[in-house]
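The paragraphs below follow a few local features in turn.

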Amino acid sequence: ISGGTATCSGTISMRSGSSASMTMKLQQKVDNKWTTIATWTTSGKAPTVSLSKTKSVSKGYSYRVYVSGTVKNDTETPSKTSPIKSY
């Protein structure tokens with residue numbers, strides 16, 4: 001997070017011949033609950049599927065990015081949550 005803008009990115013790597021869909025969510029902690037304030041999706045084929053997006057954020061909150069995906073040919077469902085950033 002820099003200057004009121006959060007830069008969010010995620011990548012899924014996969015084996016040759018695979019394809020995947022990916023969802024990336026920017027979440028804000030409000031009243032001790034994580035609320036999704038932006039959602040992006042994409043899909044593609046091996047070797048990688050990637051997303052990089054920006055979103056304006058407000059001061060005084062904590063934020064995290066959650067990325068999940070489905071690798072179709074492998075029936076895998078990878079996911080990852082970023083470290084929490086306070087702003």
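A contact here means heavy atoms within 4.5 Å. This is a predicted model, in which local features need pLDDT of at least 70 and side-chain atom pairs count only at pLDDT 80 or more, while totals for chains, interfaces and linings use all residues. Residues are numbered from 1 along each chain as its sequence is written, and side-chain values use heavy atoms, with hydrogens and water left out.

Start with Ser19, which is found in strand E2; strands (E, at least two residues) and helices (H or I, at least four) are DSSP runs, numbered from the N terminus. Leaving aside neighbours within four places in sequence, Ser19 is in contact with Met14, Gly44, Lys45, Thr70, Val71, Lys72 and Asn73. Ser19 counts as buried because its relative accessibility is 18%, where buried means under 20% relative accessible area, exposed over 50%, and partly exposed in between (1.4 Å probe, protein chains only).

Next comes the loop between strand E2 (19-30) and E3, where Asp31 is found. Asn32 lies in that loop between E2 and E3 as well. Asp31 is not a glycine, yet has a positive phi of about 55°; Asn32, also not a glycine, has a positive phi of about 65°. Asp31 is exposed, with a relative accessible area of 70%, and Asn32 is exposed at 69%.

Which peptide bond is cis, with omega near 15°? The bond from Ala46 to Pro47 is the one. Pro47 has its place in the loop between strand E3 (33-45) and strand E4 (48-56).
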